Structure formats: C-alpha cells, structure tokens
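Visitor: Could you take me through one part of this structure slowly, and then show me a few spots elsewhere that go with it? I'd like the geometry as well as the contacts.

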Amino acid sequence: MMGTLLGDSTATLGMVLLAAINWHSLLFYLFAAAACACAVAVVLTDNVVRMAFYLVLSLGATAGIFFLAGADFVGAMQLMIYVGGTLVLLVFGVMLTAQAPFVSIRTPASDKVLGGIVGAALLMVLVLSAFSVESWRRPAMGLVAAPSATPLGMAFLGVRVDDDPLAAPVVDSIRSGYLLPFEIVSVHLLVVLVGAAYLARAKRRRMPRGIETAGADAAATGGRS
Amino acid sequence: MDPASTLPLLLGLAWLTPLVSFVAILFFGPRMGPHGKSSAAVATAAIVVSLALSLAALGTWLSVHPVQAVSHDSHAAADSHADSHADSHADSHADSHADSHADSHADSHDQALPPAYSGDWYTLYEGGALKLSIGWYIDALTVLMFVVVTFIASCIHIYAAGYMHDELHDFTDHTVHLSDGSHFHRPGRFSRFFQSLSLFCFSMLGIVIAGNLAMIFIFWELVGICSWFLIGFYYERQSASNAANKAFIVNRVGDFGMIIGMMALWGALGTLHFADSSGQNSAGIETIRPGLLSLVRPEATHHALHVPDGMVKFAAADRVAEITLDHATRTEDGASEIASRVDDWRAMGYGRWLLFVAGIGIFCGCVGKSAQFPLFVWLPDAMEGPTPVSALVHSATMVAAGVFLMGRFYPVLTPDVLLVIAYTGAITLFLAATIALVATDIKQVLAYSTISQLGYMMLALGVGGWVAGLFHLFTHAFFKSLLFLCSGSVIHACHTNDMRKMGGLAKVMPWTAGTMLVGCLAIIGAGVPFVIGLSGYYSKDSILAQALSFSQANPSHSILFVAATGGAFLTAFYMFRLWFMTFAGQPRDAHISEHAHESPRVMVAPLVALAILAIVAGWSLPGGFGIAAMLEQARPAGTAATVTSGYLFGSLTIPAEHESHVGAIHETATLAAFATAAAGVLLAAMMYVWRILSPLAVAWVFRPIYTFLKQRWYFDELYGAIFVQPVLGIASLASSIDLGVIDKIIDGVAWTARQLAGIDAWIDRTLVDGLVNATASATWSAGIELKKLQTGHLRQYVMFIVIGTVAMFVLASLLLRSSLAA
Amino acid sequence: MNLIAPLCAAGFFASGVLSDPVSVTHYLVVGAILFTSGVVCMAVKRNALGILMGIELVLNGANVNFIAFGSPYLRGEGSASIGLDGEAIALFVILLAAAEAAVALAITLNFYNNHSTVDIDEADDLQG
C-alpha cells in the first residue's frame with residue numbers, strides 16, 4: 001500500500017512535474033549542453049580526427065538550437081552545408097595530411113594556460129554583455145513562428161512578404177530583398193571553388209630534378225677536364 | 001638753280017659727309033686695311049668731298065650774290081642810303097623763299113638785311129614758345145667758313161696721314177713708365193685718330209651751319225668732347241689726360257655762362273633762332289615767328305639796336321602784373337595798355353640789363369672756347385695732343401668757333417658788351433704775347449700766339465670791326481695751321497719740342513723752313529705798306545685801324561690801341577725768336593741735327609698749299625672778290641654806321657668800320673703796324689742771329705719779370721689756389737665722410753645683419769634641424785622596436801586580437817559607464 | 001532513488017529553470033561559449049586543420065547570435081527583433097564559411113606540399 005501510494009504519488013508527482021516542464025526549454029538545454037560540451041571537447045583534444053568528430057557533433061547540436069529558435073530553413077542548411085559539406089571537406093583535409101607525426105601535435109603547456117586565461121577573459125566579457133541588456137533577458141512570448149522558408153526564399157528573390165509589426169515604418173520602407181547579396185554570394189562561391197581547385201591542384205616537381213641533373217652534368221664535365 | 005634750296009643741300013651734304021666717315025670708321029675702322037690704314041683715306045676722302053661741296057656752294061653763292069670791290073677810299077655814302085635801298089629792293093627779289101632775306105645789296109654799307117637763307121631740316125621738339133630744331137642759317141660768312149674749315153681740315157687730314165704713321169703698328173710710349181720700369185706698350189690707334197678728326201669736323205661744320213643757338217650749343221659741346229678725345233689721345237700720359245680734362249672743364253665754366261645767356265634770350269624772347277621762321281600757330285594759320293636778329297634790330301628802327309619788347313616786358317614784370325590786375329576782367333584792354341606802354345618802359349631802360357646779360361652770357365661761352373682771359377689756361381696744355389690736332393684746334397675749328405659765334409651773334413650785342421669784349425681781347429692779346437716771349441717749347445709759343453691772335457679778333461669785334469675780326473679769323477686760320485703743321489714737321493724730325501735743342505735746321509729742312517718763314521711773316525703782318533702784303537698784313541692792319549678809330553672816338557679807351565700795337569711788336573719778336581732759334585744759326589744739339597730730315601711729301605704738300613694761301617688770303621682779285629669783300633656782304637644789318645649810344649657804362653661811340661679804311665687813320669695804323677713789326681723782328685735778330693744782345697743777359701737783368709712770365713703770370717697757380725684746391729679739399733672731405741661715416745654705417749648694418757644671420761643659422765641648425773632629426777630618429781627606433789612584435793606566429797596574433805578586443809570592451813564599458821554616470 | 005529524482009525535479013522547478021521559456025540571453029550565452037571555444041582553438045592548436053575548425057566554431061557561435069536576434073519566437077515582450085535579416089545573414093555566413101573552408105583547405109594543402117608539415121608554428125616566414 002505504502003509502496004503503491006508512494007508509487008502513485010511519485011507517478012502523480014511525475015505527472016505534475018511532466019505537465020509543468022517547458023519542453024521547449026528542456027530541449028534547448030539539451031542541445032545547448034551538447035553543442036557547448038562538444039565545442040569544449042574540440043578545444044581540449046589533441047587528436048585531429050577526434051576534433052573533427054566533436055566538431056560534427058557540436059555543429060549538429062547547433063542546428064537543433066536553430067530549429068528551436070524557429071529558423072527551420074537555416075537549421076536545415078546548417079545540417080546540409082556545414083555538417084554535410086564543410087565537415088566532409090575538413091575530413092578530407094585531415095585524411096590527406098594525417099600522417100603519423102601530424103595527427104596530434106602537442107601544444108606547449110604554457111600556451112595552453114595562456115590561451116585558457118585569454119579565453120576565460122573573452123568568455124567573461126561576452127557573457128557579461130549577453131546579460132547586460134534587460135530586454136534580451138525577458139522571457140520569450142512563446143509565439144509559434146510560422147515556417148520561415150517561404151519568406152526567406154521570396155526575400156532571396158527580392159520580395160519581402162514577412163510582416164513585422166514591430167518594425168518602425170521608416171525601417172519598413174527601406175527593407176528590401178536579398179537578391180543582390182544572394183547573387184554576389186553565388187558568384188563569390190563559384191570563384192572561391194575555382195580558386196580552391198587551382199590552389200590545391202597537384203604540382204609536378206620538375207625544378208629539383210632539373211637542378212640535380214645540371215649539377216651532375218657540371219660535376220661530370222669538371223671531372224673530365 | 002634756286003639758291004634757297006641748293007645751298008642748304010650742298011652745305012648740308014658737306015656737313016654730313018664727315019659724320020658718315022666717322023660712323024664708318026667707328027664701326028669698321030680697325031678692319032680698314034692693315035692696322036686700319038685705310039681709315040685715313042676714308043676720312044680724307046670725306047673731308048675732300050666736303051671741301052668740293054663747299055666750293056660748289058661758294059660758286060652758287062657768288063653766282064647769285066656777286067661780290068663787289070670794297071672801296072677803301074670811297075666815302076661813307078651815308079647820304080645815298082635811301083636810293084640804293086629802293087633800287088636794291090626793286091631789282092633783287094631773287095628769292096621768293098619765305099624764310100630768306102635774299103635782298104642782294106651791291107652796297108653792303110646799306111642798312112638793309114644781308115642776304116641769308118634759313119630754315120629747318122628737322123624739328124626736335126616744339127611746344128609752347130620753345131622750338132628746338134636742326135636748321136640752317138646761310139649767309140656769306142657761313143659759306144666762307146665752310147670753305148676755309150674744310151680746306152684747312154683737308155690739309156691737316158693729308159698731313160696727319162703721314163704724321164701719325166707711328167700709330168700704324170704697336171706703339172711704345174717712352175714717356176709713360178709702368179710700375180715695373182718698362183715703357184708702356186699698346187696697339188696703334190690710327191683709325192681712332194681719324195675717327196675723332198671726322199667727328200671734330202662734323203661738329204665744327206654743325207656750328208657753322210646752325211640756324212639757332214640751341215643747335216650751336218649742341219655742336220659746341222660736341223666740339224668740346226671731340227677736343228677731349230683728341231687732346232687726350234695719349235691718355236696713358238698723365239699730362240695728356242690732365243690736359244684733356246682741363247680743356248673740357250674750363251670750357252664747361254664758359255658754357256655755364258652761355259647757358260645763362262640762352263636762358264635770358266629764350267625766357268624773354270621765346271626763340272633761339274637767328275632768322276625769322278615761318279610756322280603754323282595753333283590755329284593753323286601761317287605766321288612769321290621773328291628771330292633774334294629781327295627782334296633786336298627790327299626793320300622798324302632801321303635795324304638800330306633796341307631792346308626787344310619781350311625783354312622789356314620781362315624786365316618790367318611787376319608793372320605788367322599790376323596792369324593785368326587792374327584789367328582783370330577785360331584782358332584785351334590790359335594787353336593793349338601793356339603794348340602801348342612798352343615804348344615808355346623801353347625808354348626808361350627796362351630790359352637793358354637783360355640784353356646785357358644775354359650778350360655777356362653768350363660771350364662767356366666764347367671766352368671758354370676761344371681761350372680768352374681768364375679762361376685761356378686750357379689752350380697751352382692742349383698741346384699734349386698730336387700736332388695735327390693742335391693745328392686743327394688752333395686754326396679752323398675749336399677756337400674759331402668762339403669768334404665765329406661772336407660774329408654771328410654780333411647784332412644782339414649792346415655797346416656795353418662790346419666794350420667788355422674789347423677789353424677782354426686786349427688783355428688776352430697782351431698777356432699771351434708776353435708769355436710767348438719766354439716760352440721755349442715750340443708748340444707752347446704757337447699756343448700763346450694763338451691766344452694772342454684770338455685776343456686780336458675779340459678786340460676787333462669789340463671796337464666795332466666786325467669784318468676786321470672775322471677777316472683775321474680766316475687769315476689766321478691759314479697761317480696758324482701752317483705754323484702748327486711746320487712745327488709738327490720739325491717735331492717729327494727732331495723728336496723734341498724744346499727749341500733750345502734745335503737750330504740750324506733750315507739746311508736740313510728747306511721746305512719746312514721756307515713755309516714756316518711765310519707763316520711767321522704772315523702772322524706779323526709783313527708787307528710793303530700801302531702796296532701789297534701777306535694775308536696778315538691786311539687783317540691786322542684793319543684791326544689796328546679800327547682800334548685807332550675807336551680810340552679817337554672814345555679817348556678814355558685809347559689803351560686798347562696801345563695794347564694792340566704793343567701786341568704787334570711782341571708778336572713779331574716771339575715769332576721770329578721762334579724761327580731763328582729753330583732754323584737759323586748753328587745746331588745746338590748734334591745728335592738731333594744729325595737725325596733730322598725733311599718730312600715726307602705727304603706732309604710737305606699741305607705745307608706748301610697752306611703757305612700759298614697764307615700769302616694770298618688777304619688779297620682782293622681784280623674783280624673785287626676777296627675774303628674781306630665777301631664778309632662785307634654778310635655784315636649784319638645796322639652795324640655799318642657809326643653809333644653813339646648811352647648805355648650802362650656811359651656814352652660810347654662805336655665807329656663805323658669803313659671809316660677806318662680811309663685817310664689818316666688807315667695810314668697811321670699801317671705805319672704803326674709796320675714799324676712795330678719791323679722793330680720786333682730786328683730785336684729778335686739782334687738777340688738770336690747777330691748775338692748783339694745776349695738773351696741770357698736780358699733774362700738776368702729782368703729776372704723778376706722773366707720768372708713771372710716764365711711761370712705764365714702764375715695763372716695756373718692762382719687758379720689752383722682759388723678753385724682747384726678748395727674743390728679738392730671739399731672732395732676729400734666728402735670722400736672722407738663717405739668712407740668714414742657712410743661706409744661705416746653700411747658696414748655696421750651689414751655686420752649686424754651678419755650676426756643676426758649667424759644666430760638665425762644656429763637656431764636653424766640646432767633647434768629646427770634637431771627637431772626634425774629627433775622626429776626621424778624616434779620614428780626609426782620606434783619602427784625597429786615595433787618590428788619585434790611581428791613574430792610571424794599566427795597563434796600569437798590570435799591572442800593579440802583577443803586581448804585587444806577584450807581590452808577595448810573593458811575600456812569602452814568603463815568609459816560608457818562613467819559617462820552615463822555623469 | 002525515489003527521493004532523489006523528485007528532489008532534483010523540485011530543485012529545478014524551484015529555480016524555475018525548466019518551466020520558464022528561454023530568452024535571447026540563453027542563446028547568447030551558448031553563442032559566447034561556442035565563440036570562445038573557437039577562439040581558444042585558434043590560439044592553441046598547432047595543426048592547421050585545428051585552426052580551421054576553430055574558425056568554424058567561431059562562425060557558428062556568431063550564427064547562433066544572429067538566429068537568436070532574428071527569431072520571432074524568442075522575441076521578448078516589447079522588444080524588437082531584426083526579423084528575417086538574422087536568418088538571411090546566418091545563411092550567408094554559412095555559405096561564406098563553406099567557401100572559406102574550401103580556400104583555407106587548399107592553402108593548407110599547398111603549405112603541406114611546400115613545407116611537408118601542417119604545423120602552423122613553422123609558418124613564420126613573414127616575421128619581422
């Protein structure tokens with residue numbers, strides 16, 4: 001009985017507790033903890049392969065945070081481009097250079113301590129500034145955001161369809177789409193990819209051998225004379 | 001052939017030809033042949049062309065105005081004036097030229113205007129009453145003067161071509177010692193000599209042809225500068241350059257008076273032209289502008305001298321102003337009243353002083369140029385120039401200019417001025433003759449004889465002998481140039497000027513001795529009385545006669561005749577002393593007589609030509625033509641008759657000149673001249689040929705007088721003490737003020753500026769440069785230090801960025817917070 | 001065991017952490033941690049790829065902030081947001097990060113080819 005009661009009460013309490021939990025906040029805390037922990041892990045580990053792994057986890061967790069903030073399209077892009085593209089690129093880099101001596105290069109302890117102190121200072125500054133504005137600390141109103149993919153897509157085409165009642169009229173009048181930046185970024189991306197391919201192409205090693213041959217010839221002639 | 005246009009053309013060309021030669025030699029002289037030898041040919045050709053043109057002009061003149069014999073024995077013909085006047089007006093309007101007074105008068109005793117042509121070639125400036133122009137005034141005097149000047153200048157040019165041959169190569173001047181003891185050595189100056197000669201002739205002819213006083217003054221000064229060039233030809237010699245300066249400066253003293261005279265004339269009369277000139281007034285109407293001659297001797301007074309209206313008004317300026325004030329409202333009334341009262345004022349003597357000042361002023365210029373007392377001191381020193389120059393200066397050009405101007409200006413001179421002129425001439429002739437007695441330098445003797453003869457000319461003009469004075473000017477020009485050229489020939493042969501070293505040269509140099517004898521005879525006026533004589537006989541006799549006539553008319557001034565007669569005696573003595581010492585007797589210096597030789601033909605030929613003219617210049621041709629007759633033709637109107645007038649120095653009678661040509665006066669004068677001249681020659685012969693009287697003994701007996709004369713009456717010392725020393729004293733005072741005060745002040749200013757600049761430089765180097773250098777070195781060392789931050793470690797850079805960011809944040813928040821708190 | 005869980009839950013409720021909605025500040029703190037991790041990563045890692053990863057972390061942290069400021073969901077009462085701009089910028093950042101990663105990787109490979117190492121401390125050719 002007692003156990004039942006206790007079990008019941010526990011269950012009841014659990015029910016109550018469960019009903020009181022803000023699931024949105026809970027999920028945020030989970031993802032945030034994962035992202036921060038993995039980021040710190042990236043810093044702490046020396047092995048570059050592990051760093052890459054932790055980074056993937058951190059970025060993925062961040063994508064979750066984006067979803068929670070209502071930025072579903074950005075979150076999706078985060079997963080696709082960052083986790084799916086950039087990280088693959090990094091992993092290629094790791095694989096291309098991951099010879100035994102370079103997998104883990106140790107940093108002097110003094111640098112680590114120094115970096116830690118400096119990082120702590122920066123963190124302190126950033127956190128202080130995060131808490132410095134009162135309106136930022138105000139809890140969210142809990143509005144359920146509409147999916148942002150459509151307005152965002154339209155904005156990239158030059159048309160603003162989102163409605164921001166809080167925006168000042170004067171700001172409203174100059175708000176426009178992102179067609180031009182979008183184009184610039186597109187071309188930029190193309191150029192960068194071409195450039196990257198050019199920079200990273202395999203080079204033939206001609207000169208050293210040529211020099212060697214010339215030196216050998218000179219030595220040969222010198223010896224003969 | 002219109003003489004009014006032909007004569008100015010011929011004489012103008014004759015005048016300008018030497019200028020062409022001058023310009024040509026000036027620019028191309030050294031390139032004319034070897035050492036500029038051809039420049040002599042150019043200059044000579046120019047002056048000969050000039051002579052030919054002058055002769056052509058003379059021919060033209062004589063064809064229009066034939067000369068008639070001067071009737072010495074004729075009566076004064078004063079009573080026939082009216083008839084001949086009317087006749088000549090009726091028949092002799094040969095010339096319709098507006099400017100000319102072409103009344104040709106057979107009888108020159110007439111009180112009509114002499115024939116003359118005048119006009120302007122070129123007007124330099126015309127404004128108000130002043131008109132400066134280059135013009136001509138041509139009468140018989142001008143034409144004659146042209147012929148004589150160009151003839152003598154031609155002879156001298158030819159002679160100089162031989163005389164100056166030393167200048168054809170590099171010349172060593174043995175009288176100039178350089179600091180190292182050697183003689184001065186320089187290139188020859190042959191072409192420069194002829195260049196100056198040409199300019200000299202041009203200037204002299206300019207004076208002769210000039211139509212107004214201003215133009216005369218221009219060429220007057222040009223003659224002065226030419227004499228400066230030529231006297232100072234050997235300017236390396238201290239004595240030559242001093243003599244040149246002296247001649248120029250002494251002349252300037254006279255010219256100062258001349259400027260005053262010109263101011264008086266122009267200020268009162270508003271014109272400097274001799275003759276009337278036509279011109280357009282401001283309204284464009286043809287008007288006659290009266291000249292000086294017609295203003296002073298207007299036709300209205302029958303050419304008698306009277307003070308011109310302008311001078312009267314000028315002198316009576318107070319009264320004119322009074323009347324003008326009274327009629328301030330109606331100027332016409334005032335003008336008419338002034339005009340009506342001019343005659344009264346003239347009678348009261350207004351303006352006489354002004355006319356006197358004008359005459360004396362112009363005479364001052366002539367005193368300087370013609371070497372009269374007291375400005376004669378430059379002429380003996382002018383012997384420093386080459387001998388041809390002396391000949392030219394002493395005969396036809398420079399000293400003649402003064403007498404010529406007096407002759408030209410004669411009608412304007414009042415009796416008072418004439419008296420001053422007469423006394424000046426008398427003093428000069430006596431003074432110079434006494435000095436010449438004891439001079440031993442052959443050219444000095446001639447120089448003083450020139451001064452003496454110029455004194456004669458002035459005396460003649462002063463006592464009313466217009467023709468006599470100018471006649472003597474012409475005859476003197478011939479025989480004096482002859483004498484100088486002869487002396488040049490002697491000097492050329494002996495290389496010395498000292499007569500005491502000469503003697504017996506007649507055997508070696510017969511031509512020179514002969515021609516010089518002619519010259520000496522001419523200058524003493526030798527001749528058979530009342531029959532015939534050398535040129536000097538006629539001219540000197542007429543001077544003495546006029547002086548005697550004047551003395552008789554004015555007994556209180558009879559000293560003038562005594563001086564003239566005594567001068568004739570002295571002249572005879574010193575001229576023959578010169579000739580005897582040089583040519584007669586035994587050689588005194590063997591060395592010199594051995595080397596003496598007759599001069600080259602180019603030098604002898606002019607001597608002969610001049611000797612002939614020295615003989616015949618005074619003669620009258622059968623047709624009556626002679627220099628005196630031609631001069632008579634140019635006699636200024638109103639000067640022919642005897643005039644008695646009371647002026648500033650009391651009553652004075654200027655006797656008519658023709659009165660001295662007749663009867664007792666003429667005979668007395670001729671005999672006196674002959675007797676004195678003969679006495680002088682005899683005395684000279686006694687002392688220097690026959691040795692009856694020892695010159696040394698005479699000099700010993702009259703020791704004080706001899707020394708006094710030898711020292712030239714101490715005139716140079718006197719002027720030195722009175723004028724030169726004070727001026728030098730003032731100059732040295734000014735110089736010491738300049739050096740001691742002004743220079744010191746300037747030096748002090750400069751020194752101060754230098755010190756200030758030194759301080760400034762120190763500030764610049766130390767402070768400014770130091771600041772700039774310090775900035776630069778600070779930047780440099782900062783760069784060196786900062787370079788160490790550039791470590792190349794990427795991780796460190798990241799660290800820096802983060803630290804920087806944090807620091808900025810902290811700083812910004814602190815500042816923001818404090819500002820918010822505030 | 002039974003007691004601990006409720007107590008923990010109660011502690012949470014007492015502090016109100018789990019029941020309260022999250023605010024922009026929460027996101028900013030997460031962004032700050034990510035950013036700081038990236039910076040420290042860049043400052044400490046000697047491997048060039050490690051530094052690239054640090055850059056990615058930094059960009060990511062910045063992106064969190066943009067999303068937070070642009071999110072209508074997190075908007076507090078009476079406070080403005082940058083709206084759609086935040087998301088747009090975040091997208092651009094992602095794209096540029098990808099481009100940067102590509103170029104940086106190419107540079108790294110070049111460096112590796114030339115120096116036969118990826119140790120960034122060896123790349124001090126430009127030191128002063």
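Guide: Let's start with chain C and then move over to chain B. Keep in mind that this is a predicted model.

The chain has 128 residues, and 55% of them are buried. If you take contacts in chain C between residues at least 6 apart in sequence, 52% of those join residues at least 24 apart.

The part to look at closely is α4 of chain C, which covers residues 84-115. This helix has 32 residues, and from first C-alpha to last it reaches 46 Å, close to the 46 Å expected at 1.5 Å a residue. C:Ser116 belongs to the segment after α4 of chain C. Is C:Ser116 buried or exposed? Exposed: C:Ser116 has 11 other C-beta atoms within 10 Å, and a residue counts as exposed at 12 or fewer.

Now for what α4(C) does at the contact between chain C and chain A. That contact takes 76 residues from chain C and 89 residues from chain A. On the chain C side, the elements giving two or more residues are α1 (4-15), α2 (24-44), α3 (48-70) and α4. Which of them gives the largest share? It's α4(C), with 22 residues. By class, the chain C side of this contact divides into 50 nonpolar, 18 polar and eight charged residues.

Chain C also touches chain B. There, eleven residues of chain C are in contact with eleven residues of chain B. The chain C side of that contact has six nonpolar, two polar and three charged residues.

Two packed helices are described by the angle between their axes and the distance between the axes. Take α12 (residues 352-369) and α16 (residues 415-438) of chain B: they pack at an angle of about 25 degrees, with their axes 9 Å apart. Why call α12(B) roughly parallel to α16(B)? Because of that angle, since anything under 35 degrees counts as roughly parallel. The crossing of α12(B) past α16(B) is right-handed. From α12(B), the contact uses B:Phe356, B:Gly359, B:Ile360, B:Phe363 and B:Val367. From α16(B), the partners are B:Asp416, B:Val417, B:Val420, B:Ile421 and B:Thr424. Sorted by class, the residues of this contact come to seven nonpolar, two polar and one charged. One bit of background for reading such lists: an α-helix has 3.6 residues a turn, so residues three or four places apart point the same way.

Follow the chain into the loop between α12 and α13 (378-381) of chain B, and you'll find B:Pro374. The peptide bond from B:Phe373 to B:Pro374 is cis, with omega near 5 degrees. B:Ala371 lies in the loop between α12 and α13 too, and B:Ala371 has a positive phi of about 55 degrees although it is not a glycine. B:Ala371 counts as buried, with 31 C-beta neighbours inside 10 Å, whereas C:Ser116, back in chain C, is exposed.

A second pair in chain B is α15 (residues 398-409) with α17 (residues 442-462), packed at an angle of about 0 degrees with axes 11 Å apart. These two helices are therefore roughly parallel to each other. Here B:Val399, B:Val403, B:Met406 and B:Gly407 of α15(B) meet B:Thr450, B:Leu454, B:Met457 and B:Leu461 of α17(B). The contact has six nonpolar, two polar and no charged residues.

One last stop is B:Gly206, in helix α5 (residues 190-209) of chain B. With 22 C-beta neighbours inside 10 Å, B:Gly206 counts as buried, the threshold being 20 or more. Leaving aside neighbours within four places in sequence, B:Gly206 is in contact with B:Trp15, B:Phe219 and B:Leu222. As for B:Val223, it sits 17 residues from B:Gly206 in sequence and 9.4 Å away in space, C-alpha to C-alpha.

Conventions: Residues are numbered from 1 along each chain as its sequence is written. Chains are lettered from A and ligands numbered from 1 in the order in which they are written. This is a predicted model: local features need pLDDT of at least 70, side-chain atom pairs count only at pLDDT 80 or more; totals for chains, interfaces and linings use all residues. Helices (H or I, at least four residues) and strands (E, at least two) are DSSP runs, numbered from the N terminus. The expected span of a helix is 1.5 Å times one less than its number of residues. Two residues are in contact if their C-beta atoms, placed from the backbone, lie within 7 Å. Ala, Val, Leu, Ile, Met, Phe, Trp, Tyr, Cys and Pro count as nonpolar, Asp, Glu, Lys and Arg as charged, and the others, Gly among them, as polar. Axes are lines fitted to C-alpha atoms, for helices over the stretch in contact, and angles run from 0 to 180 degrees between N-to-C directions. Angles under 35 degrees count as roughly parallel, over 145 as roughly antiparallel, 65 to 115 as roughly perpendicular and the rest as oblique. A crossing is left-handed if the near helix is turned anticlockwise from the far one by less than a right angle, and right-handed if clockwise.
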